[in-house]
Amino acid sequence: MNIALIGYGKMGKEVAAEALARNHHISLTVDVDNRHELTPENLKKCDVAIEFTSPHTAAGNIRRCLAAGIPVVCGSTGWLEQLEDVKRECEERKGAFFYASNYSVGVNIFLRINKMLAAMMNFAGAYRPSMEEVHHTEKKDAPSGTAVTLAEAMMSELKLLKKWVNQASDTEDVLPVVSLRKPGVCGTHTVKYESDVDYITLSHVAKNRKGFALGAVLAAEFIRGKQGCFGMNDLMGNF
Ligand SMILES: NC(=O)c1ccc[n+]([C@@H]2O[C@H](COP(=O)([O-])OP(=O)(O)OC[C@H]3O[C@@H](n4cnc5c(N)ncnc54)[C@H](O)[C@@H]3O)[C@@H](O)[C@H]2O)c1
């Protein structure tokens, strides 16, 4: 495939390496300094675009790809309030759009176990749920997109919970999601259920960014030639 890379930072570089390893070609690389090159003419030379930029630039970049008729895979997080509008635009244009707050296969297995565990914990009233996520210091959004996905799943399963907050909390019906920023951490998420006598933890630790990059390239291969809005459940199916 001929791939347009939008954003050539930490993730863009990892995606390029994974794409080349899978015999794809990077036909267009756009970062802040040459963003004027994100034109319909340049995009039309590509089969698919992969976007990893920032919370403020993601939606605009996706719209440009949809307007040019190019399928787009987006990994940027922190812009969820515009997601439904972007999906609507994709449907109207009969385009193709893939979004995941986390492209790692391991994290997506972890997400499913989190939901199952939350459903089980409904029947174990003595346990207080909480979450912690740790990322590198340059991360622009908090909590992470993955932490939001984990929290929303816990909210939907745990009848006790009324809301989640991005800070420590002792309130019974509130899920505390604590965000920590430490140098060099690619992404660690831990869900904890604590009682007076014990605790259960469920953790995912990313050792590097390769897992995210491979998932994004697999999503690009999956979305080519398709129409509609897709996510990791479409890519991974029922396992
Ligand atoms: N979905 C996932 O699996 C996943 C995994 C890791 C990171 N992320 C997210 O991906 C995004 C990028 O992460 P990163 O670690 O690569 O960040 P980064 O800061 O290292 O790279 C972002 C790059 O985008 C460029 N950029 C900014 N505005 C642009 C624009 N308008 N057009 C083109 N390029 C532009 C920046 O110059 C920079 O090079 C973040 O939102 C992060 O949270 C998602």
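A residue counts as near a molecule if one of its heavy atoms lies within 4 Å of it. By that rule, 24 residues surround the ligand here, and the closest are M11, D31, G75, T77 and Y103.

Some background on the model. It is predicted, so local features need pLDDT of at least 70 and side-chain atom pairs count only at pLDDT 80 or more, while totals for chains, interfaces and linings use all residues. Residues are numbered from 1 along each chain as its sequence is written, and side-chain values use heavy atoms, with hydrogens and water left out.

Now the chain. The domain assignment, automatic or from a database, gives domain 1 (2-103 + 210-236) and domain 2 (105-205). Taken over C-alpha atoms, their centres are 28 Å apart. Between them, 13 residues of domain 1 are in contact (heavy atoms within 4.5 Å) with 15 residues of domain 2.

Back to the ligand. Its shell takes at least three residues from each of domain 1 and domain 2. By type, the shell holds 8 nonpolar, 10 polar and 6 charged residues; Gly counts as polar in this scheme.

Which backbone atoms come close in polar terms, meaning N or O pairs within 3.5 Å? A backbone N or O atom of M11 is 2.8 Å from a ligand oxygen. For K10, a polar backbone atom lies 2.9 Å from an oxygen of the ligand. A100 has a polar backbone atom 3.1 Å from a ligand nitrogen. Of the 860 Å² of accessible area that the ligand has on its own, the protein covers 83%, by the Shrake-Rupley method with a 1.4 Å probe.

Note on methods. Polar contact = N/O pair within 3.5 Å; in protein donor to acceptor, adjacent residues only side chain to side chain.
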